[in-house]
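Open the model in your viewer and keep the selection panel at hand.

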Amino acid sequence: MWTSTSCGTRATGFPAPSSAIRRRPRRIFRAEVSLSHEATQPKKVVVVGAGWAGLASAHHLINQGFDVTLLHDGSEPTEEVTSRGFWYPYRNIFSLVDGLGTKPFTKWIKASYFSPEGLEVNFPVFQDQPKLPAPLGALAYPQFPRLPLVDRLTSLPLIAAVIDFDNTDTVWRKYDTMTARELFKQYGCSQRLYQEVLQPAVQASLFAPAEQSSAAATLGVLYYYLSHQQNFDFVFCRGEVGVKIFTPWIESLESKGLKLLKNSTLTDMNLNEDMGCISQIVCGGYVYEADAFVLALGASSLQSIIQSSHVLQSRQEFLNVLKLSTSDVVYVKLWFDKKVNIPNAANVCCDFDDSIAWTFYDLNSVYDEYKDETSTVLEAEFPCASDLLPLKDEQIVAVAIAKLTKCIQEFEDAKVVQHKVIRRPKSAIQFSPGSYRYMIRGATSFPNLFMAGDWIVNRHGSWSKEKAYVTGLEAANRVVDYLGEGEFAKIISVEEDEAHIEALRSLNRRANELFTQLPISEFFL
Ligand SMILES: Cc1cc2nc3c(=O)[nH]c(=O)nc-3n(C[C@H](O)[C@H](O)[C@H](O)COP(=O)(O)OP(=O)(O)OC[C@H]3O[C@@H](n4cnc5c(N)ncnc54)[C@H](O)[C@@H]3O)c2cc1C
């Protein structure tokens, strides 16, 4: 709770916490800071990072009357890659977009999964199918032209682990040191189910192979997307998210007073040693002071800042972030000379040889601007792409074509007439086994510094951009609490469990409680 000793509210406050955020050459500004104290001004908050998390924080704080500055290291705040799924349970994001009055989404999309043997799974729109108790719909409705039923049935015991995983700190610690592969083995999944379905599914959602992903993160993802039949359904944005969603969103925030500072890269932070709180953040030659700060950055961006910041290095929670791993992602957009028949808009593919899953999207059926094109435009993303990173664009395009041809042979006869390659080193967090203890929390040991992003520890239960958005709102709520002004943002919780799942969960909780009372409960590994 906000108290009279919090950094931003002391009457004797130095450096005047309510003074304006200023953009000045660093040395001049430091001399001026102690002179200004404009107590009647709205409290100042600096948010760093203009992705889903940072925009969510800025959105709520500006609506609460704070003076908000949003710093972004690029020229345009935009989600880097365009075709990203918005899944059915993204209730907070859908509610935001409804409020913006834009209609940016496609209809619900069908998806395919290809192995080197060809089409492995066709995913329907689940909400169009008769409703079955969860998770039976997710198991019954996908069409598996190759995988025998007996292999699919070996996934059933896994439901026990999903029931056990209730997203608390206790279960994260319990499953964090185990790999996803060990989990699947322990619960009796067949070799083929693992290789042809589970391994690619882990890679497509956690951007790392199952033997390098924690069982905890795997169960978190499985539970979020499979807990209700329709949760696996998704839509795409009908154009770039930056254009269709972020631009109108930012315009509406700017009309309420948001100051968006582009090309401003956070490099360091200054500490008010007397108060123990962050007094200023540093962006190259400029410093910005405020009452509270929200960092909404990816893990590798924060790692770079920690490496050069003595202030952040003084706290173990930030040093721990340096132990987290990230992976490289390469994106390729291709324009072909002819139309290739791509049955479904969204496609996951896996090469058994290097067992790295990758995805491609048919932009003709997603983007308004390519709907009437007579030739194919698509986008492919390659996570874990450290081997692609050093290659020339043309070499990467050749790899992409070879992989596409393995899925849909028609690509063999199509010529690429234009391409765009984007390399994003270290841009995807890896939920490696044992990583949970190093993940940062939303509140830090600096009382006025709060964290947001899709990789931080959080109990909401959502994933990906919905999680980023929710953690942004939570960071805003922490600012409201700390500064003692404004209303809390309403965060829509994930949909409640179906009755039978809830009953199984409470039975499981009782059994776990009983087990912990046994004298041998601590004895076994
Ligand atoms: C390959 C891949 C596929 C994905 N597919 C999906 C999908 O289909 N559906 C889905 O929901 N999610 C998907 N995601 C995840 C989704 O992209 C993220 O959850 C979401 O973008 C995270 O938002 P964020 O605001 O936490 O971080 P980011 O989007 O990374 O935003 C951080 C912002 O901070 C800025 N920044 C960084 N450093 C600094 C600095 N020093 N100073 C100032 N600004 C800085 C960056 O430029 C960026 O704008 C995917 C991710 C990857 C890697």
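Start with the shell around the ligand: 15 nonpolar, 12 polar and 6 charged residues. Ala, Val, Leu, Ile, Met, Phe, Trp, Tyr, Cys and Pro count as nonpolar, Asp, Glu, Lys and Arg as charged, and the others, Gly among them, as polar. This is a predicted model: local features need pLDDT of at least 70, side-chain atom pairs count only at pLDDT 80 or more, and totals for chains, interfaces and linings use all residues. Residues are numbered from 1 along each chain as its sequence is written.

Now select the closest of the 33 surrounding residues: Gly49, Gly51, Ser301, Ser464 and Ala468. A residue is near if its C-beta atom, placed from the backbone, lies within 6 Å of the molecule. Colour helix H2 (52-63), helix H12 (299-308), strand E16 (416-430) and helix H16 (464-483); each gives two or more residues to this shell.

Next, the largest nonpolar core. Pick Val45, Val48, Val294 and Val479, which touch the most other members among its 149 residues. Such a core joins buried Ala, Val, Leu, Ile, Met, Phe, Trp, Tyr and Cys residues through C-beta atoms within 7 Å. Buried means 20 or more other C-beta atoms within 10 Å of a residue's own. H16 gives the most to this core, 10 residues. Domain 1 (26-79 + 240-322 + 436-483) and domain 2 (126-232 + 495-522) both contribute, so the core lies between them.

Zoom out. The chain has 17 helices and 17 strands. Of its 525 residues, 46% count as buried.

Definitions and conventions:
Helices (H or I, at least four residues) and strands (E, at least two) are DSSP runs, numbered from the N terminus. A residue is buried if 20 or more other C-beta atoms lie within 10 Å of its own, exposed if 12 or fewer, and partly exposed in between; C-beta atoms are placed from the backbone. Domain bounds come from an automatic or database domain assignment.
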